[in-house]
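My notes follow in the order I made them.

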Amino acid sequence: MTERPSEGDLAPGAMTEYLTEDWGFFIRSARVLEKFRSPFQDVEVHDSKPFGKLFRLDGYFMTSEKDEFFYHENLVHMAALAHSAPRHALIVGGGDGGSAEELLKHPSIERVTVAEIDASVVDISRKHLTSVHRGSLDDARVDVRIEDGFAFVRNARDRFDLIVLDLTDPGGPSTPLYTVDFYRACAARLAEGGAMTLHIASPVAHPDRIRAGLVALRQVFPIVRPYLASIPLYGGLWMMACCSATLDPAALEASDIDDRIAERRLSDLQLYNGAMHRAALALPNFVRALTG
């Protein structure tokens, strides 16, 4: 897998995301709230008119106040709602707290562990991104560990019902986390009936990355379900995957998902419902060709 190109902003204040060397988009910054180099990466928080507070790392958009639910709800609830009663969850990355906030909506959740390598991500999220994490980073059920995600998974003894890989794109500190070795380590930490979810890439901009990513995942997991999400901050159509030895989100109908949402009283979902669950798993022909 290769990382996306980074060419710098088109102009001062025009935050630019490059999907390929020849294709990208920009979001205008109204005000710079944070900008510094951590021990691991360039960290920025901006205020913007279309997205509110916007967080990016090494020049790549991570999350924003106004569209975070497109990413976090899709990343978490595909597996969490397919699972009958998730109790223990692990998030690798996810220092903005958005994935933890979604997991805590499920009443069966007892513990969420967040393994984030960069303390500055957690610090600036606590300071600026309250509307993303909504206090989840300081919830008594959440254990935030500032450490390397691979090392944490390799050394862990606990088993998890859900593992959420809430990572930056391949490149920098996240590079080892897109490997067969890491996926095997995660699979070993899943409880019976558990599942791992992750985002992969854009099927339009990064077809080679998707092919390679699915090949790696299928070396480890008997069930790998790719699914699609539209994420404005990432430039449109994006692919995620739910991976497991036994849990298959495609086995649930829209009515099953709606029943579980009602039973769990998940009343504050902005995107996810039974129809969206089934729609995410419905792959266009050109994506089917990518995913095999």
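**Entry 1. Asp 248 and Arg 225.** I started with Asp 248, which is buried at 19% relative accessibility. My cut-offs: buried is under 20% relative accessible area, exposed is over 50%, and partly exposed is in between, with a 1.4 Å probe and protein chains only. Arg 225 comes out partly exposed, at 34%. The side chains of Asp 248 and Arg 225 meet in a salt bridge, 2.9 Å from N to O. Asp 248 sits in the loop between strand 13 (236–244) and helix 8, and Arg 225 in strand 12 (residues 223–231), so the pair ties together parts that are 23 residues apart in sequence. I take a salt bridge as a side-chain nitrogen of Lys or Arg within 4 Å of a carboxyl oxygen of Asp or Glu. Helices (H or I, at least four residues) and strands (E, at least two) are DSSP runs, numbered from the N terminus.

**Ground rules.** The model is predicted, so I note that local features need pLDDT of at least 70, side-chain atom pairs count only at pLDDT 80 or more, and totals for chains, interfaces and linings use all residues. Residues are numbered from 1 along each chain as its sequence is written, and side-chain values use heavy atoms, with hydrogens and water left out.

Entry 2. How many salt bridges does the rule give? The count comes to 19. I picked out Glu 68 and Arg 134, whose closest N and O atoms are 3.5 Å apart. This pair links distant parts of the chain, 66 residues apart. Glu 68 is in helix 1 (residues 68–82), while Arg 134 is in the loop between helix 4 (130–133) and strand 9 (142–146). Buried or partly exposed? I checked both partners. Glu 68 is buried at 2% relative accessibility, whereas Arg 134 is partly exposed at 48%.

Next I looked at Glu 101 and Lys 105, which form a salt bridge at 3.9 Å, N to O. Glu 101 is buried at 8%. Lys 105 is buried too, with a relative accessible area of 15%. Salt bridges with shared partners join Glu 101, Glu 102, Lys 105 and Asp 268 into one network.

**Entry 3. Positive phi.** I went through the backbone next. Arg 134 turned up again: its phi is positive, about 50 degrees, although it is not a glycine. Asp 58 is not a glycine either, and has a positive phi of about 50 degrees. Asp 58 lies in the loop between strand 5 (52–57) and strand 6 (60–64). At 28% relative accessibility, Asp 58 counts as partly exposed.

**Entry 4. His 106.** Where does His 106 lie? I found His 106 in the loop between helix 2 (98–103) and strand 8 (111–116). His 106 is buried, at 0% relative accessible area. Leaving out residues up to four places away in sequence, His 106 touches His 77, Ala 80, Leu 81, Arg 264 and Leu 266. Contact here means heavy atoms within 4.5 Å.

**Entry 5. Helix 6.** Which residues of helix 6 are buried? In this helix (residues 180–188), I noted Val 180, Phe 182, Tyr 183, Ala 185 and Cys 186.

**Entry 6. Nonpolar patch.** I turned to the surface. Trp 23, Val 204, Leu 237 and Phe 286 form a nonpolar patch, with about 350 Å² of accessible area together. Patch residues have over 30% relative accessible area and no salt bridge; like charges are joined within 9 Å, nonpolar side chains (Val, Leu, Ile, Met, Phe, Trp, Tyr) within 5 Å. Areas come from the Shrake-Rupley method with a 1.4 Å probe. Trp 23 is in strand 2 (residues 23–28) and is partly exposed at 35%. Phe 286 is in helix 10 (residues 285–291) and is partly exposed at 43%. Phe 286 and Val 204 are 82 residues apart in sequence, but 9.2 Å apart in space, C-alpha to C-alpha. Beyond its neighbours within four places in sequence, Phe 286 contacts Pro 203, Val 204 and Leu 237.

**Entry 7. Negative patch.** Last, I looked at Glu 253, Asp 256, Asp 258, Asp 259 and Glu 263, which form a negative surface patch. Asp and Glu count as negative, Lys and Arg as positive; His and the chain ends are not counted. I took the place of a charge as NZ of Lys, CZ of Arg, CG of Asp or CD of Glu. Asp 259 is in helix 8 (residues 254–263). Asp 259 is partly exposed, with a relative accessible area of 44%.
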